Amino acid sequence: MQQHQTQSRQAAEEARKDRTLAEFLLMLDDYEPLIPNEVTDYFLQRVGFECEDARLKRLLSLAAQKFVSDIAADAYQHARIRTNASGGRTRTQPLGGSSSIKDKTRTTLTMDDLSAALAEYGISARKPEFYM
C-alpha cells in the first residue's frame with residue numbers, strides 16, 4: 001500500500017512539474033529579454049547551435065542574463081567588503097542649499113572585484129602582462 005502511495009505522489013509531482021514547465025514556456029512567448037535576440041542568435045551561431053524555437057533562444061538569453069546579473073551582484077559584494085575593510089569612503093554633501101550635511105557611502109567596482117567574482121565561477125580574468 002505504501003509503495004502505491006509513493007508512486008502516486010511521484011506521478012503527481014511529475015505532473016505538477018510538467019504543468020509548471022508548460023506555463024513557463026508559455027510565458028516565454030511574450031518575454032523580451034534584456035539581451036537582444038540578434039546578440040543571442042549571433043553567439044549561438046558562432047558555437048554551432050541551430051534552433052528555430054524562439055522560446056528556447058529566449059530561455060538561453062534569460063540564463064545568460066541571470067549569469068551576468070549574478071556576477072555583477074557578487075562583484076558588488078566584493079566591493080562592499082573591500083570598502084568596509086578599508087574603513088569606507090564617506091563624503092559630505094549639502095542638501096538643497098541648506099546647511100544640513102548628510103554622509104553618503106559610495107561603492108566603486110574595480111577590476112579586482114570583478115576578477116574575484118568571476119573566479120567564483122571558474123573564470124580567470126587577469127590583466128595581461130606587459131613587457132618593455
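**Entry 1: a ring to begin with**

Is Tyr-42 buried, partly exposed or exposed? I looked it up in this predicted model, and Tyr-42 is partly exposed, with a relative accessible area of 42%.

I then searched for aromatic pairs and found two. Tyr-42 and Phe-43 make an edge-to-face pair, with 5.0 Å from centre to centre and 80° between the planes. Phe-43 is partly exposed too, at 46% relative accessibility.

Phe-67 and Tyr-121 also pair edge-to-face, with their centres 5.4 Å apart and their planes at 80°. Phe-67 sits in helix α3 and Tyr-121 in the segment after α4, so this pair ties together parts that are 54 residues apart in sequence. I noted 37% relative accessible area for Phe-67, which is partly exposed. Tyr-121 is partly exposed as well, at 34%.

**Entry 2: charged partners**

Next I turned to charges. Side chains of opposite charge can pair when their charged atoms come close. How many salt bridges does the model hold? I got a count of six.

I started with Arg-16 and Glu-13, whose closest N and O atoms are 2.6 Å apart. Why are they separated by about one helical turn? The reason is that they are three residues apart in helix α1, which covers residues 2-30. Both ends are partly exposed: Arg-16 has a relative accessible area of 39%, and Glu-13 has 31%.

In helix α3 (residues 54-85), I found Asp-70 and Lys-66 four residues apart, about one turn of the helix. Their side chains meet in a salt bridge of 2.8 Å, N to O. Asp-70 is partly exposed at 25% relative accessibility.

Arg-82 and Asp-113 form a salt bridge of 2.7 Å, N to O. This pair links distant parts of the chain, with Arg-82 in helix α3 and Asp-113 in helix α4 (residues 111-120), 31 residues apart.

**Entry 3: along helix α3**

Helix α3 kept turning up, and I wanted to check its span. With 32 residues at 1.5 Å a residue, α3 should span 46 Å. The sum works because the expected span is 1.5 Å times one less than the number of residues. I looked up the end C-alpha atoms, which are 46 Å apart, and that agrees.

What happens at the start of α3? A side-chain oxygen of Asp-53 reaches to within 3.1 Å of the backbone nitrogen of Arg-55.

Which residues of α3 are buried? My list includes Arg-58, Ser-61, Gln-65 and Ile-71. Ala-75, Ala-79 and Thr-83 are buried in α3 as well.

**Entry 4: a nonpolar patch**

Last, I looked at the surface. Val-47, Phe-49, Leu-56, Leu-59 and Leu-60 form a nonpolar patch there, and together they have about 390 Å² of accessible area. Leu-56 lies in helix α3 and is partly exposed, with a relative accessible area of 30%.

Conventions:
Residues numbered from 1 in each chain as written. Predicted model: local features only at pLDDT ≥ 70, side-chain atom pairs only at ≥ 80, totals over all residues. Heavy atoms only, no water. Salt bridge = Lys/Arg side-chain N within 4 Å of Asp/Glu carboxyl O. Helix = DSSP H or I, 4+ residues; strand = E, 2+ residues; numbered from the N terminus. Buried < 20%, exposed > 50% of the residue type's maximum accessible area, 1.4 Å probe, protein only. Patch = residues over 30% accessible without salt bridge, like charges linked within 9 Å, V, L, I, M, F, W, Y side chains within 5 Å. Areas by Shrake-Rupley, 256 points an atom, 1.4 Å probe, with all protein chains shown as cover. Polar contact = N/O pair within 3.5 Å; in protein donor to acceptor, adjacent residues only side chain to side chain. Phe/Tyr/Trp six-rings, centres within 6.5 Å; stacked < 30°, edge-to-face > 60°.
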